[in-house]
Amino acid sequence: RNGTSLLRQCVGQLRFQTTASGRGCIRSSSSPISAISVILVGDRKDSATYVRNKKKACDSVGIKSFEVCVAEDSSEEEVLRSVSGFNDDPSVHGILVQLPLPSHMDEQNILNAVSIEKDVDGFHPLNIGRLAMRGREPLFVPCTPKGCIELLHRYNIGIKGKRAVVIGRSNIVGMPAALLLQREDATVTIIHSRTKNPEEITREADIIISAVGQANMVRGSWIKPGAVIIDVGINPVEDSSAARGYRLVGDICYEEASKVASAITPVPGGVGPMTIAMLLSNTLKSAKRIHN
Ligand code: GUN
């Protein structure tokens with residue numbers, strides 16, 4: 001909620017700045033100035049829900065959103081054509097291709113095609129490469145890890161000099177989260193599927209970010225007393241008493257971990273809204289770059 005109200009303020013400011021400078025693509029203050037285009041491929045229910053939530057959030061802060069739905073059995077070229085159209089459209093400031101893509105499409109090929117100037121997901125290899133390099137700045141940072149770091153900042157949790165452990169090494173969350181923590185001067189270890197004795201490593205961590213997709217994998221006994229835990233996992237588990245027959249849990253066993261940690265994010269409702277807030281923030285940043 002904090003993120004959304006902050007963004008609303010920023011969007012108001014953007015309207016003022018653009019109108020006052022008299023440059024760029026000026027629209028009346030009643031119509032949105034920044035715009036994002038979302039490409040949804042296939043009919044995965046979870047992806048459709050994520051896209052719907054992102055569009056709703058855009059509406060709530062005055063960012064215009066366009067959506068292109070591409071059938072599951074479409075060709076990669078069809079997605080590339082949509083990306084190319086949005087790259088060339090000056091009224092579009094952000095392009096988001098919802099992942100995962102169907103297995104017959106080359107994800108990297110498609111992400112490579114997004115203009116780095118509109119890469120509000122921060123998944124383009126040039127943006128990721130810059131994130132990994134000292135002294136270089138990416139134009140955009142991936143939204144979920146950026147949201148994790150923003151949470152730490154907002155709650156005044158120091159990162160510099162801390163031992164941080166990231167569980168999972170995905171391109172979307174684990175790897176960029178580790179890079180961001182390192183940029184903030186944490187000493188970072190990544191745990192992955194081949195790591196031996198992960199619990200010994202997590203027990204040394206002051207900060208844990210978990211994005212592995214294994215329900216309740218991290219137990220209370222894995223955690224150092226007072227550690228800060230950010231749980232990115234969203235895993236369905238059967239629950240006959242729940243309305244849909246399942247409920248969502250994180251990678252961290254919340255019941256146990258919340259008794260040991262000094263701070264922990266809930267699932268759902270912890271990191272999820274931050275991902276969306278950071279997407280809005282990246283889109284606003286892109287619009288400001290283009291207009292000013
Ligand atoms: N799939 C899961 N998380 C994300 C995300 O942050 N961005 C996109 N584009 N797809 C996702």
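Student: So a residue is buried if 20 or more other C-beta atoms, placed from the backbone, lie within 10 Å of its own, exposed at 12 or fewer, and partly exposed in between. How many of the 10 residues of helix H7 are buried, then?

Tutor: 7 of the 10 are buried, so helix H7 (residues 174-183) is largely enclosed by the rest of the structure. Helices here are DSSP runs of H or I with at least four residues, strands are E runs with at least two, and both are numbered from the N terminus. This is a predicted model: local features need pLDDT of at least 70, side-chain atom pairs need 80 or more, and totals for chains, interfaces and linings use all residues. Residue numbers start from 1 along each chain as its sequence is written.

Student: Which residues of H7 are buried?

Tutor: Gly174, Met175, Pro176, Ala177, Ala178, Leu180 and Leu181.

Student: And what covers them?

Tutor: The cover includes helices H5 (125-132) and H6 (143-154), plus strands S4 (163-167), S5 and S6.

Student: Why does Gly174 count as buried?

Tutor: Because Gly174 has 23 C-beta neighbours inside 10 Å. Leaving out residues up to four places away in sequence, Gly174 touches Val166, Gly168, Arg169, Ile190 and Ala211. Contact means C-beta atoms, placed from the backbone, within 7 Å.

Student: What follows H7?

Tutor: Asp185, with a positive phi near 70°.

Student: Switching to the sheet. What is the strand order?

Tutor: S5-S4-S6-S7-S10, an open sheet of 5 strands with parallel pairing. Strands S5 (187-191) and S10 (263-264) are at the edges with a single partner strand each, so one side of each has no neighbour in the sheet. Two strands pair if DSSP finds at least two bridges between them.

Student: How many bridges join S6 to S7?

Tutor: 4, between residues 207-210 of S6 and 228-231 of S7, running parallel. Ile207 has Val228 as its bridge partner in S7. Ile209 stands opposite Ile230.

Student: And how many for S7 and S10?

Tutor: 2 bridges, again in the parallel sense. Here Val228 has Ala263 of S10 as its partner.

Student: Which residues of S7 are on each face?

Tutor: Val228 and Ile230 are on one side, Ile229 and Asp231 on the other. All four are buried, which leaves both faces covered.

Student: New topic, the ligand. Which residues are around it?

Tutor: Leu96, Val97, Gln98, Leu99, Asp121, Cys143, Thr144, Ile172 and Thr275. The cut-off is a C-beta atom, placed from the backbone, within 6 Å of the molecule. Strand S3 (94-97) and H6 each supply at least two of the shell residues.

Student: What is that shell by class?

Tutor: 5 nonpolar, 3 polar and 1 charged. Ala, Val, Leu, Ile, Met, Phe, Trp, Tyr, Cys and Pro count as nonpolar, Asp, Glu, Lys and Arg as charged, and the others, Gly among them, as polar.

Student: Where does the ligand lie relative to domain 1 and domain 2?

Tutor: Between them, because domain 1 (20-116) and domain 2 (143-272) both give residues to the shell. The bounds come from an automatic or database domain assignment. Their C-alpha centres are 29 Å apart.

Student: What does UniProt place at residues 34-121?

Tutor: The unreviewed entry has "domain: Tetrahydrofolate dehydrogenase/cyclohydrolase catalytic" there. That stretch is 42% helix and 20% strand. For residues 142-289 UniProt, also unreviewed, gives "domain: Tetrahydrofolate dehydrogenase/cyclohydrolase NAD(P)-binding". Positions use the numbering here, feature names are shortened, and annotations may be inferred rather than shown by experiment.

Key:
Two residues are in contact if their C-beta atoms, placed from the backbone, lie within 7 Å.
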